Amino acid sequence: MAPLIDVPSPVVGFAADGDTLSISSATSPALRDASRSLIPGVYVPTPCFFDTETEDIDTDSIAHHVVRLARAGVTGIATQGSNGEAVHLTHSERQLVTATTRSALDGAGFSHIPVIVGCAAQSVRETIELCRGAAEAGGDYALVLPPSYYATLFAPASETIIEYFTRVATDSPIPIIIYNFPGAVNGMDLSSDVILTLAEHPRIVGVKLTCGNTGKLNRIASAVRSAAAKTNSDPERPEFLVLAGSADFTIQSLIGGGHGILAGLANLAPKACIRTVDLYREGKVAEAQRTQEVVSQGDWVAIQGGVIGVKSGLQSWLGYGGFARSPLPRPTSDQAKRWKEGYRELMTLEKTL
């Protein structure tokens, strides 16, 4: 199925139709651009923008948005995440979004920024197919949720989950990042033991923890640090990246040894998110806490409104964003006003940075 392209778009190179941890190098240079390694920092799961009348993909807005984020200094971009409405897109549309993102970054001089692509599906076969499509479209890494539809039939002790990720990682042309988001998979919450077992696979290179469990994050980060110390690895290029999945516990995750965040709030206020991380790393803890307070308040608005509220905030404060695809509702004028006001302190801070 050909993608729907109804606005001018940048030229893209894709045409759609336990206690110890042993981590090895992720992929060969042939499969992975060394300049786009995963490093600590702020990663952003971007929305998919649509024409407000036809709901066709708006490639101009996608390109504009990712370049704005890159210029703000974010470390990486993720497409097809929860904010990216992947469940509302066809396979070819997913590839169009990723290809547009990669092309826009390269064209604006940000070829070093990695693109992470959501590739979750319920079967091993379709997940691998999505990973291959992501690679063809210019994606560098695949962000993968565990399957959950038939969870009551899974083998005990998480054997089915471990086998799923192992088979996907082995056959995917790009490395895998585990996505632990219980709210998206019927409450399934991967334990630190399961994640650390999977981290031993040479092509599973990170985890996004949207569960908000800082104890789990600490256990995983501690194992990663121990493994790195044994091999004298560069801490600025970890072989297994541990990311918080929300901006409202950025400092907490850094204290626990995490490497940064992959958080939707950075779509609205990338500089504020980056500043929080930088202040903590510079040892300015009190300043970091003050910035975190503002970020956390803004993130609560984003969490409550979901992708609808994030897009509304973008529209109100930055003049673009539009609406989510049907059947998600469009915000009422009262909701839009309330969300705009809820983001005010955050966006005021953002404008000072």
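Tutor: This is a predicted model. Let us take strand β6, residues 204–209. Six of its six residues are buried, so β6 is largely enclosed by the rest of the structure.

Start with the strands beside it. On one side is β5, residues 176–180. Five bridges join β5 to β6, and the two run parallel. Ile-177 pairs with Gly-206 of β6. Asn-180 has Leu-209 of β6 as its bridge partner.

Now β7, residues 241–244. Four bridges link it to β6, again in parallel. Gly-206 turns up here too: its bridge partner in β7 is Leu-241. So much for the pairing; now the connections. From β6 the chain passes through helix α6, residues 214–231, to reach β7, and this β-α-β crossover is right-handed. On the β5 side, the helix is α5, residues 192–199. Together β5, α5 and β6 form a right-handed β-α-β unit.

The buried ones are Ser-192, Val-194, Ile-195, Leu-196, Leu-198 and Ala-199. What do they pack against? Their partners are α4 (159–171), β5, β6 and α6. An α-helix has 3.6 residues a turn, so residues three or four places apart point the same way.

Next, β5 itself. Five of its five residues are buried. Both faces are covered. Ile-176, Ile-178 and Asn-180 lie on one side, and Ile-177 and Tyr-179 on the other. The strand also pairs with β4, residues 141–144, through three bridges, and these two run parallel. Leu-143 has Ile-177 as its bridge partner in β5. The chain gets from β4 to β5 through α4, in another β-α-β crossover that is right-handed.

The loop between β5 and α5 holds Asn-186. Its phi is near 55 degrees, a positive value in a residue other than glycine. That is worth a second look. Most residues other than glycine have a negative phi, and most peptide bonds are trans. With 67% relative accessibility, Asn-186 counts as exposed, because the cut-off for that class is over 50%.

Other loops deserve a stop. Glu-55 sits between β1 (41–45) and α1 (59–72). It too has a positive phi, about 65 degrees, though it is not a glycine. Thr-46 lies in the loop between β1 and α1 as well. At 4% relative accessibility, Thr-46 counts as buried. Leaving out residues up to four places away in sequence, Thr-46 touches His-65, Val-66, Leu-69, Ile-77, Ala-78, Thr-79, Asn-83, Gly-84 and Asn-267.

Gln-80 is in the loop between β2 (76–79) and α2 (91–107). Its relative accessibility is 6%, so Gln-80 counts as buried. The side chain of Gln-80 reaches the backbone oxygen of Arg-94 at 3.1 Å.

The rings of Tyr-164 and Phe-165 have centres 5.3 Å apart and planes at 85 degrees, so the pair is edge-to-face. Both Tyr-164 and Phe-165 are buried. Elsewhere, a charge meets a ring: Lys-340 lies over the face of Trp-317, at 5.5 Å from the ring centre.

Two last places to check by eye. Pro-327 is in the loop between α9 (285–318) and α10 (333–342). The peptide bond from Ser-326 to Pro-327 is cis, with omega near 15 degrees. Asp-60 belongs to helix α1. At 36% relative accessibility, Asp-60 counts as partly exposed. The C-alpha atoms of Asp-60 and Gly-321 are separated by 11 Å, although the two are 261 residues apart along the chain.

How values were computed:
Residues are numbered from 1 along each chain as its sequence is written. This is a predicted model: local features need pLDDT of at least 70, side-chain atom pairs count only at pLDDT 80 or more; totals for chains, interfaces and linings use all residues. Side-chain values use heavy atoms; hydrogens and water are left out. Buried means under 20% relative accessible area, exposed over 50%, partly exposed in between (1.4 Å probe, protein chains only). Two strands pair if DSSP finds at least two bridges between them. A crossover is right-handed if, with the strands pointing away from the viewer, the path from the first strand over the helix to the second runs clockwise. Contact means heavy atoms within 4.5 Å. Rings of Phe, Tyr and Trp (its six-membered ring) pair if their centres lie within 6.5 Å; planes under 30 degrees apart count as stacked, over 60 as edge-to-face and the rest as tilted. A charge sits over a ring if NZ of Lys or CZ of Arg is within 6 Å of the ring centre and within 35 degrees of the ring normal. A polar contact is a pair of N or O atoms within 3.5 Å; within protein, one must be able to donate a hydrogen and the other to accept it, and residues adjacent in sequence count only if both atoms are side-chain atoms.
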